[in-house]
Amino acid sequence: QVGRVISAMKGDNVTLDLDEETVKLEGESWGFRLRMPDLRKYTRPPEAVVDADYVEMNPRLFQRAVRATSFATFSHVRTHSLGIQSVNIEVSGPTITFTATDGTKDTRFVANLKVGGSEQNSKSFLLTPDVLRRLGRLASGSNVTIRIKDDKLAVFGFRDNTFVTVRLATGSFPNMDTVFDKFDHEGGSYETIELINGYLAAMLAQAAIVSTLDHHVVKLSVSKNR
């Protein structure tokens, strides 16, 4: 019903009337009368505190961070206390770090921030990958603002003064610094190659076509100039 109402609006001025059981919406050439559900079943959403300390992140970088980390979360068994089912986001000074792991894949994305409000202390919080993906779809145009209200809620601001309050995931996230420090330290012992991003994506997409649900992997081999 809501979709039909939105389709019918088409820029018309809308008149809205409410009574205890129904809501009446009328435009210049259309009208809808909708029965309201029991409002007692719906909890009031947490208030978005827009004057709290915040940080700003470029929307494209935010979307890249979501894509680079949300896929690597642990998803085999659903529990509410296991932190690696979520992406760990840490704000420290002028940088924000997204980290995810499922025990076999480790990924980290670091980006620069614009700090707003008063001086920020180092903060970290957990967001589930499905929440992050939804937030990523909203990120476009202006910078994404992030406010940590407390240890339970975060407020994300998007274009057109849209604020989304999300509940933070619970649980503890392992200290992954040693994992990435070790990789950086041993990086000199690896042979480094460079691939154009579009070529790599096309190769993986083509190879993934023949993978199955039982063997959902792609083998990547490197030889000289190939």
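User: Which residues make the nonpolar surface patch of about 720 Å²?

Analyst: The patch is made by I193, L195, I196, Y199, M203, L220 and V222. Patches are made of residues with over 30% relative accessible area and no salt bridge; like charges are joined within 9 Å, and nonpolar side chains (Val, Leu, Ile, Met, Phe, Trp, Tyr) within 5 Å. Accessible areas come from the Shrake-Rupley method with a 1.4 Å probe, and for residues only the protein chains shown count as cover.

User: What should I know about the model itself?

Analyst: This is a predicted model: local features need pLDDT of at least 70, side-chain atom pairs count only at pLDDT 80 or more, and totals for chains, interfaces and linings use all residues. Residues are numbered from 1 along each chain as its sequence is written, and side-chain values use heavy atoms, with hydrogens and water left out.

User: Back to Y199. Is Y199 buried or exposed?

Analyst: Y199 is exposed, at a relative accessible area of 57%. Buried means under 20%, exposed over 50%, and partly exposed in between (1.4 Å probe, protein chains only). Y199 sits in helix α5, residues 197–208.

User: How many helices and strands are there in the chain?

Analyst: The chain has five helices and twelve strands. Helices (H or I, at least four residues) and strands (E, at least two) are DSSP runs, numbered from the N terminus.

User: Take α2. Which residues of α2 are buried?

Analyst: In α2, residues 59–69, the buried ones are P59, F62, A65, V66 and T69. They span an arc of only 120 degrees around the axis, so they are on the same side of α2. That arc is taken from the directions from the helix axis to the C-beta atoms.

User: And what does the face turned away from the buried side carry?

Analyst: That face of α2 carries the exposed residues R60 and R67.

User: What caps the N-terminal end of α2?

Analyst: N58 does. One of its side-chain oxygens lies 2.9 Å from the backbone nitrogen of R60.

User: New topic. How many salt bridges turn up in the whole structure?

Analyst: Three. A salt bridge is a side-chain nitrogen of Lys or Arg within 4 Å of a carboxyl oxygen of Asp or Glu. Side chains of opposite charge can pair when their charged atoms come close.

User: Which residue pairs with D177?

Analyst: R108, with the closest N and O atoms 3.3 Å apart. D177 is in helix α4 (residues 177–185) and R108 in strand β7 (residues 106–112), so the pair ties together parts 69 residues apart in sequence. D177 is partly exposed at 37%, and R108 is partly exposed at 29%.

User: What about D102?

Analyst: D102 forms a salt bridge with K105, at 2.6 Å between the closest N and O atoms. D102 is buried, at 9% relative accessibility. K105 is partly exposed, at 33%.

User: And which residue does E26 meet?

Analyst: E26 meets K24 in a salt bridge, 3.2 Å from N to O.

User: Last one: where is T128?

Analyst: T128 is in the loop between β9 (123–127) and α3 (129–138). Its C-alpha atom is 8.9 Å from that of N88, and the two residues are 40 residues apart along the chain.

User: What does T128 contact, leaving aside neighbours within four places in sequence?

Analyst: S86 and A169. Contact means heavy atoms within 4.5 Å.

User: Is N88 buried or exposed?

Analyst: N88 counts as buried, at 13% relative accessibility. N88 is in strand β5, residues 87–92.

How values were computed:
A polar contact is a pair of N or O atoms within 3.5 Å; within protein, one must be able to donate a hydrogen and the other to accept it, and residues adjacent in sequence count only if both atoms are side-chain atoms.
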